[in-house]
Amino acid sequence: TMIGGYSSTGKSTLLSNIVMALVYRGEKIIIGSNEQQIKPFKIQFLCWVLANRLGNYKINKKKLLSGDLNDDEFKIIKKAQEIWNRDYKDCIKFVKMVDADISVFKKKVRHAVLKEGYTVAVYDTLKADLSGEANNLWIKVLSDSRELDKMAKQYNIIMLASIQLAMNTSGTLFLDASVLSMSKQVVEVLENLILIRNVYETEFDEKSKWYCRPFKWKKNDDDKWVEEKYVPGNIGNYRMLFVAKCRNGENSTSSGQAQLLSFNGSMGVFGEAALCKPQYGKLQG
């Protein structure tokens, strides 16, 4: 499965949320990162524990990084750390890579799977620096994606990878595989391709031609499922998620639907808000 997004969309946060959901369900996960250090991941995961296990949304990432906490907050943090150490610590392994050399990651995954029983590998990020020779750089992305697919099949594990979407496609409303350069070659190895972007203000305006028609399914008095209009809150608190490829289910292109996610950036947590029907087109500027 590959997760793609633009800058500042919450792509890495979504990946972290998926990791914690998998750990919660008993998986053991090795994470290789060529972008972030281990500390941001740990802060993200601790926020997840605070929000999802303790229901605390007041101690956010900014507070954790600054250390500006009172005695009561320190007690809550200690409780969250106890939960982390008891339930999650031994299920997540970090591998810091100084560059995008996938050979180091392959060795670490092999040892983690064969010697320690790990079941999921996460590669963050498949590099695609569009500022250089695009063809050569995307050939490397294609090659790396095939190596990850080969590892997944060889060791019978779940493989997750993140990727930055081409910036020249920013503003595209209905995301599909075309927002990846050389999309056909890269996507062919994937079981799932999940794409995420910000929601634009005009998409929540019922008078706009770009209105995304958010809704929830609800049973009526005749016990039939009908669409009920969903009224969103603050525009900045939402992201739109597209299933661009799904080998075992319906994708967004065939259904015409995307998932509307609530997003708490300070805590780094997502929630399912509603479905929506985004328009085809591209916003300029």
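Buried residues are those under 20% relative accessible area, exposed ones are over 50%, and partly exposed ones lie in between, as computed with a 1.4 Å probe on protein chains only. By this rule D90 is exposed, because its relative accessible area is 58%.

This is a predicted model, in which local features need pLDDT of at least 70 and side-chain atom pairs count only at pLDDT 80 or more, while totals for chains, interfaces and linings use all residues. Residues are numbered from 1 along each chain as its sequence is written, and side-chain values use heavy atoms, with hydrogens and water left out.

Helices (H or I, at least four residues) and strands (E, at least two) are DSSP runs numbered from the N terminus. D90 is found in the loop between α4 (71–87) and β3 (92–96). Contact means heavy atoms within 4.5 Å; not counting residues up to four places away in sequence, D90 touches K28 and Y118.

S262 lies in strand β10 (residues 258–264). S262 counts as partly exposed because its relative accessibility is 28%. Leaving aside neighbours within four places in sequence, S262 is in contact with N237, Y238, V269, F270, G271 and A273.

| Pair | Apart in sequence | Apart in space |
|---|---|---|
| D90 and K28 | 62 residues | 8.0 Å |
| S262 and G236 | 26 residues | 9.1 Å |

The expected span of a helix is 1.5 Å times one less than its number of residues. For the 14 residues of helix α1 (residues 11–24) this should be 20 Å, and the end C-alpha atoms are 20 Å apart, which agrees. Helix α1 is mostly covered, with 10 of its 14 residues buried; among them are L14, L15, L22 and V23. After α1 comes G26, whose phi is positive, near 95 degrees.

Two packed helices are described by the angle between their axes and the distance between the axes. Axes here are lines fitted to C-alpha atoms, for helices over the stretch in contact, and angles run from 0 to 180 degrees between N-to-C directions. The axes of α1 and helix α2 (residues 38–52) come within 10 Å and cross at roughly 60 degrees. Angles under 35 degrees count as roughly parallel, over 145 as roughly antiparallel, 65 to 115 as roughly perpendicular and the rest as oblique; α1 and α2 are therefore oblique to each other.

In this contact, T13, S16, N17, V19, M20 and Y24 of α1 meet F41, Q44, F45, W48 and V49 of α2.
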